[in-house]
Amino acid sequence: MREIDIDQAAAALEEGAVVIDVREPDEYREGHLPGAINIPMSRLTARLDELDPSRPVHVVCASGNRSSAMTDVLTAAGFDAVNVAGGTAAWVRSGRPTEK
């Protein structure tokens, strides 16, 4: 599994990266990475057709555990997926803005 840190995730976002937040909707509403698309872990495999397989997908959750597992799922499905280590919690701790 490929993994990037928060600084690399921020740079990817600035370049227009696709970010999938696999947390539950109530967690997502509390604050998420700017531009992140909410596809809960439990729904990801059913919604793969919403993702462009020609673009890298950056996967984030609260701490990096769920996103790590879902990065493996996406990779197995043929996507170029990368886990955002530390998740939204690390993003917030770094002082970066979130959207609600």
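1. **The β-α-β unit.** Strand E2 (residues 18-21), helix H2 (residues 25-30) and strand E3 (residues 37-38) form a right-handed β-α-β unit in this predicted model. Right-handed here means that, with the strands pointing away from the viewer, the path from the first strand over the helix to the second runs clockwise. Helices (H or I, at least four residues) and strands (E, at least two) are DSSP runs, numbered from the N terminus.

2. **Basis of the model.** Residues are numbered from 1 along each chain as its sequence is written, and side-chain values use heavy atoms, with hydrogens and water left out. The model is predicted: local features need pLDDT of at least 70, side-chain atom pairs count only at pLDDT 80 or more, and totals for chains, interfaces and linings use all residues.

3. **Pairing of E2.** Strands pair if DSSP finds at least two bridges between them. E2 runs parallel to E3, and two bridges join them. Ile20 has Ile37 of E3 as its bridge partner. E2 also pairs with strand E4 (residues 57-60), again in the parallel sense, over four bridges. There, Val18 stands opposite Val57.

4. **Side chains of E2.** Val18 and Ile20 point one way from the strand. Val19 and Asp21 point the other way. All of these residues are buried, Asp21 included. The cut-offs are under 20% relative accessible area for buried, over 50% for exposed, and in between for partly exposed (1.4 Å probe, protein chains only).

5. **Asp80 and Arg2.** The model has five salt bridges, each a side-chain nitrogen of Lys or Arg within 4 Å of a carboxyl oxygen of Asp or Glu. One of them joins the side chains of Asp80 and Arg2, at 2.2 Å from N to O. This pair links distant parts of the chain, 78 residues apart. Asp80 lies in the loop between helix H3 (65-76) and strand E5 (81-84), Arg2 in strand E1 (residues 2-4). Asp80 counts as partly exposed because its relative accessible area is 33%. Arg2 is partly exposed too, at 45%.

6. **Arg96 and Asp7.** A salt bridge also joins these side chains, at 2.8 Å from N to O. The partners are 89 residues apart: Arg96 in the segment after helix H4 (87-93), Asp7 in helix H1 (residues 6-14). Arg96 is partly exposed, with a relative accessible area of 24%.

7. **Glu50 and Arg47.** In this salt bridge the closest N and O atoms are 2.8 Å apart. Glu50 has 48% relative accessibility, so Glu50 counts as partly exposed.

8. **Thr71.** This residue sits in helix H3. Thr71 is buried, with a relative accessible area of 0%. The Thr71 side chain reaches the backbone oxygen of Ser67 at 2.7 Å. Contact means heavy atoms within 4.5 Å. Leaving aside neighbours within four places in sequence, Thr71 is in contact with Met1, Arg2, Val59, Ala81, Val82 and Asn83. Arg2, one of these, is also the salt-bridge partner of Asp80.

9. **Ala10.** Helix H1 holds Ala10. Ala10 has 11% relative accessibility and therefore counts as buried. Beyond neighbours within four places in sequence, Ala10 is in contact with Trp91 and Arg96. Arg96 also forms the salt bridge with Asp7. The C-alpha atoms of Ala10 and Ile37 are separated by 15 Å, and the two residues are 27 residues apart along the chain.

How values were computed:
Polar contact = N/O pair within 3.5 Å; in protein donor to acceptor, adjacent residues only side chain to side chain.
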